[in-house]
Amino acid sequence: MDKKYILGVDGGNTKTDYFLFTNDGEFIDFYRDGTCSHERLSDSFDGSFRVMSKAIMKILEKNNLTVPDICAAVFGLAGVDTPYQKQKLEEVVTKIGFQNFRVVNDSFLGIKAVSEFGVCSICGTGTSAGGIDLKGNYLQVGGIGAIVGDEAGGSWLARRAIRQTFDALYRFDQKSLINQIVLDELQVNDKYYLMEAISERLGKRLVDLTKITKAVFECANQGDQVCIDLLKEMANNLARSAGGCVSNLELGDHPLVVLAGSVWVKGSNPTLVNEFKKLINQYTQKECNVIILTVPPATGAIIWALELASGSWPCDDLRNKVTNAVIEKLSSIEGNKC
């Protein structure tokens, strides 16, 4: 019997990972490309088609395959935040030639990486929350900006620290260890020039926001109350969005909540996670099973494609086989555990 192949795609705002497997979990190939997000490409959805079709053709042709050889594919993509965006990207995937596929926001991959159902809270550079319930219903809360509560993520936290520094110097807020770190990063020696530096350097993306984000956690580790409160503020925003998924889906009394993204995974102070756990239980009035995702989100795309191909949730052995292959591949190119 001829082999059947599946494709799993994890497309973020910076890079896109394409994984090719057989439907029995055998790793075939991997290709990493730049972003395929319509929000980051100058030609929008046409750009998504241009970038994805080129990458997919490259990995398929390398293995003497064509699109019809793919029996199922899952695309977890940044920028799938509204029904319109989902429809347009489904049209892109259809135009490439796929028939049996799913296009979802990348926040959903964290769920499928570990479970058939649950909620995933993304906190990386940005934030969003997505959930899949026991009946297969989908819900996304957030992902389009502060107007819908996306006041979390590394970029937000760094900007919040800059705001706090300005408030501490000019608007009667409490002094913090983070203030001097922010001033140094903005190259400000005289507070008179702070607003100019914020306007010029931040506007021109000359500020290392990741450095400031990490510093907030490090200052919290030193007992700085201001930074501890900033982490609690972010935890509250994250809990309200993920909790909104829990409360508007049917997930039972002990719903799984997966935390994914660099800030969740790499944050050096426990305040963010601990406060989130407390608050999401308070908001939902449920005992949520909160875990940090320890496997690459791309695993979720492949496992989901396996589910789509067979019509049933893959067994533990098959999921573990896929997960181990993904970890091994990504570790080999990134030089560390994923």
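Trainee: Which residue is the bridge partner of Val 74 in strand 5?

Mentor: Good place to start, and keep in mind that this model is predicted. Val 74 has its bridge partner in strand 5, and strand 4 (residues 70–77) pairs with strand 5 in the parallel sense over five bridges. The partner of Val 74 is Arg 102.

Trainee: Which helix lies across strand 4 and strand 5?

Mentor: Look at residues 83–96, which run at about 145° to strand 5. That element is helix 2.

Trainee: Which strands stand at the edges of the open sheet of five strands?

Mentor: The strand order there is 3-2-1-4-5, with mixed pairing. Two strands each have a single partner strand, so one side of each is left without a neighbour in the sheet. Those edge strands are strand 3 (27–34) and strand 5 (101–105).

Trainee: Which residue in strand 9 is the bridge partner of Val 119?

Mentor: Strand 6 pairs antiparallel with strand 7 (residues 127–132) through six bridges, and there Val 119 stands opposite Gly 131. With strand 9 (residues 256–260), strand 6 runs parallel, joined by four bridges. In strand 9, the partner of Val 119 is Val 257.

Key:
Residues are numbered from 1 along each chain as its sequence is written. This is a predicted model: local features need pLDDT of at least 70, side-chain atom pairs count only at pLDDT 80 or more; totals for chains, interfaces and linings use all residues. Side-chain values use heavy atoms; hydrogens and water are left out. Two strands pair if DSSP finds at least two bridges between them. Contact means heavy atoms within 4.5 Å. Axes are lines fitted to C-alpha atoms, for helices over the stretch in contact, and angles run from 0 to 180 degrees between N-to-C directions.
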